[in-house]
Amino acid sequence: MVLIYTTFPDWESAERIVRKLLEEKLIACANLREHKALYLWEGRVEENREIGVLLKTRIDHWKAVRDFITENHPYKIPAIVRIDVDRVNKEYLDWLVSST
């Protein structure tokens, strides 16, 4: 299992991509939360609202999810961060595998 973290500029783009990943069975679940983002861009500190998305999937779907996000993301340089999960309860892992 891996978690993939990314951010979006708005709910519409976040939900559009998450729904497509679910429909394609590339992810089993996603958590979306709005937050304030502070970051460096072109030498300046920027401040915006973003939608942070945590995607849950199998390790063998990592590349397909990464490639889909890269091709469809509205940001020029999206964050696509893979977090390897070394421990997870068997029941949840079984559900995740059967869902994807």
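Let's start with Glu47, which is partly exposed at a relative accessible area of 47% (buried is under 20%, exposed over 50%, and partly exposed in between, using a 1.4 Å probe and protein chains only). This is a predicted model, where local features need pLDDT of at least 70, side-chain atom pairs count only at pLDDT 80 or more, and totals for chains, interfaces and linings use all residues. Residues are numbered from 1 along each chain as its sequence is written, and side-chain values use heavy atoms, with hydrogens and water left out.

**Salt bridges**

- Side chains of opposite charge can pair when their charged atoms come close.
- The count here is 8 salt bridges, each one a side-chain nitrogen of Lys or Arg within 4 Å of a carboxyl oxygen of Asp or Glu.
- Glu47 pairs up with Lys36, and their closest N and O atoms are 3.1 Å apart.
- That pair links distant parts of the chain, with Glu47 in strand 3 and Lys36 in strand 2, 11 residues apart.
- Lys36 counts as exposed, at 51% relative accessibility.
- Another salt bridge joins Lys20 to Glu24, with 3.3 Å between the closest N and O atoms.

**Strands and how they pair**

- Strands here are DSSP runs of E with at least two residues, helices are runs of H or I with at least four, and both are numbered from the N terminus.
- Two strands count as paired if DSSP finds at least two bridges between them.
- Strand 1 (residues 2–8) runs antiparallel to strand 3 (residues 44–57), and 7 bridges join them.
- Along that pairing, Ile4 stands opposite Leu55 and Phe8 stands opposite Ile51.
- Strand 1 is also antiparallel to strand 4, with 4 bridges between them.
- With 6 of its 7 residues buried, strand 1 is largely enclosed by the rest of the structure.
- Strand 2 (residues 29–41) pairs with strand 3 over 13 bridges, again in the antiparallel sense.
- In this pairing, Leu40 stands opposite Val45.
- The hairpin of strand 2 and strand 3 has 2 residues between the strands, and Glu42 takes a positive phi near 50° there.

**Arg49 on strand 3**

- Arg49 is found in strand 3 and counts as exposed, at 53% relative accessibility.
- Arg49 and Ala37 are 12 residues apart in sequence, but their C-alpha atoms are 5.8 Å apart in space.
- Not counting residues up to four places away in sequence, Arg49 touches Pro9, Glu34, His35 and Lys36 (contact means heavy atoms within 4.5 Å).

**A nonpolar surface patch**

- Tyr5, Val81 and Ile83 form a nonpolar patch on the surface, with about 220 Å² of accessible area together.
- Patch residues have over 30% relative accessible area and no salt bridge; like charges are joined within 9 Å, and nonpolar side chains (Val, Leu, Ile, Met, Phe, Trp, Tyr) within 5 Å.
- Accessible areas come from the Shrake-Rupley method with a 1.4 Å probe, and for residues only the protein chains shown count as cover.
- Val81 lies in strand 4 (residues 81–84), stands opposite Tyr5, and is partly exposed at 39%.

**Thr100 after helix 3**

- Thr100 is found in the segment after helix 3 (90–99) and is buried, with a relative accessible area of 14%.
- Leaving aside neighbours within four places in sequence, the residues in contact with Thr100 include Lys25, Leu26, Thr57 and His61.
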